[in-house]
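Good morning, everyone. Please have a look at the model on the screen before I start.

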Amino acid sequence: MLRQTRFASRHFSQGILAQRRMASTKTIREALEEVIPKKQAQLAALKARHSQSVLGDVKVEHVIGGMRGLKAMLWDASVLDPLEGIRFHGLSIPDCQKQLTAAPGGKEIIAESMLWLLLTGQVPTEAETRQLSRELAEKGDLPKHVIDLIDSLPTTLHPMTQLGMGVAALNHDSKFAAAYEEGIKKSEYWTHTLDDCINLIARLPALAARIYRNVYKPGQEIPAINKDIDLVGNYVNMLGFGANHDLTEYLRLYIAIHGDHEGGNASAHTAHLVGSTLADPYLSYSAALYALAGPLHGLANQEVLRWQLDMQKELGNNITHEKIKESLWKTLKSGRVVPGYGHGVLRNPDPRFVALQEFCLTRPDLLADPVIQLVKQTSEVAPDVLKEHGKTKNPYPNVDAASGCVLYHYGLTEFKYYTVIFGVSRALGALTQLVWARALGLPLERPKSLSLEAIEKLVEGQ
Ligand code: AMX
């Protein structure tokens, strides 16, 4: 049955797209062809009327403090409110869970539905989602040179390093790079970029699964892509768990809600910066993956699980809040951060953490797992400890506090692989923005840098 199509975006809906689409089945390209001219007109009007209007002050703290809070990027697909967390085109995670299509027999949002929402600002019909699933499945096989490259890498090479290399090597077939070389018009950039982005998203599961199999389960045959199931179903199947494993529903949720987190986070921003040079989407996203591989960003999920398991080993049975408190102080006093806590923007518990916790609450097997129990107990103790410690601006759990322990429970126990899953997900948002940057003709990013002396001179006497 076709789901009623809604326009989701607060930004998109401000008069521009505030019309209901007929419940016809469109391809994602057709949906974009409808919305892009309206956005282009909106941007042109803003530029004409307000190019010199002021959005805020640039303070010294922005320049020396990682640009936190500096309003300096255009990014439409998601907005991160410090208190309520992420919204995708105006929809919160619970809204998405209600409105976006699940897999047949499943409950969780599928990646295709989230991708459609991010790219077009619209909630797709079920038929549109299924059609996109099929398109991605049909495009999902890896070219031989990438298989050969990945198979030739030492299994001791970190899976994220391998993922970035595989993604970069996929640029061999870049439609954008080929078209640019032939000399296309600027107005056509987005359409070739879209081809690359769809192809890359389609191929990420096969690439990520191949890395997993090579490193952790060598010698087993990887199943072929099933054209009748969704992207994440295929991913889990290729990982070797079977498409109907409980892990599939978890990863559907995980991949949908990790898809985008505003534009300024390190991975998305990297893709945007590199993409602004007109590097093709494969090179841009490869660079983004190496930002995601940093321990303050995506690598935190591997760190959290290692740290919680160490805590479990250290505390033994009968873990109490008091014992967890002591362990947290031990981490802090040794000069380390508490992984999975704090955030550059959020000032409340991360709603993605809450969504993953709720996933656990509905499943008795997860609730009974001692590691998941420990994560829950830690989230009850850590905020007070971090407040007393007094450094972090946000003492609450971020998404990484919960994500790894469920993977561990379901038998995906190789921590070093966890950020790869994050990398499969973040492509949804980062590549969406690449399409839009080309559609809107956004220029090369080139902020002004200043020396310490130049800053001192500028602020003297203020
Ligand atoms: N434990 C201990 N100290 C922490 C802390 C934590 N979890 N989070 C922040 N702090 C410290 C910072 O190191 C900083 O100390 P400094 O003044 O001595 O340098 C101080 O508190 C102020 O930091 P902040 O402004 O609150 O955070 P930030 O924006 O600089 O950094 C983040 C944000 C996420 C990197 C940081 O909170 C952190 O390191 N957390 C642990 C790692 C983690 O969970 N990362 C995952 C983030 C989500 C993601 O991208 N996947």
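Predicted model: local features only at pLDDT ≥ 70, side-chain atom pairs only at ≥ 80, totals over all residues.

Residues are numbered from 1 along each chain as its sequence is written, and side-chain values use heavy atoms, with hydrogens and water left out.

Helices first. They are DSSP runs of H or I, at least four residues, and strands are runs of E, at least two, numbered from the N terminus. Axes are lines fitted to C-alpha atoms, for helices over the stretch in contact, and angles run from 0 to 180 degrees between N-to-C directions.

Take H2, residues 28-50, and H5, residues 111-120. Their axes come within 10 Å and cross at roughly 20 degrees. So H2 and H5 are roughly parallel (angles under 35 degrees). Which residues make the contact (heavy atoms within 4.5 Å)? From H2 come Ile 28, Ala 31, Leu 32 and Val 35, and from H5 Trp 116, Leu 119 and Thr 120. Six of these are nonpolar, one is polar and none is charged. Here Ala, Val, Leu, Ile, Met, Phe, Trp, Tyr, Cys and Pro count as nonpolar, Asp, Glu, Lys and Arg as charged, and the others, Gly among them, as polar.

Now H13, residues 266-275, and H14, residues 281-292. These axes come within 7 Å and cross at roughly 150 degrees. H13 and H14 are therefore roughly antiparallel (angles over 145 degrees). Their contact has eight nonpolar, four polar and no charged residues.

On to salt bridges. One is a side-chain nitrogen of Lys or Arg within 4 Å of a carboxyl oxygen of Asp or Glu. How many are there by this rule? The count is 19.

Asp 76 pairs with Lys 39, with the closest N and O atoms 2.8 Å apart. Asp 76 sits in the loop between H3 and E2, and Lys 39 in H2, 37 residues apart. Is Lys 39 buried or exposed? Lys 39 is buried, at 7% relative accessible area. Asp 76 is buried too, at 16%. Buried means under 20%, exposed over 50%, and partly exposed in between, with a 1.4 Å probe and protein chains only.

Next, Lys 217 meets Glu 414 at 3.9 Å, N to O. Both lie in loops, so this pair ties together parts 197 residues apart in sequence.

Last, Glu 84, Arg 87 and Asp 95 form a salt-bridge network.

Terms used. Parallel < 35°, antiparallel > 145°, perpendicular 65-115°, else oblique. Contact = heavy atoms within 4.5 Å.
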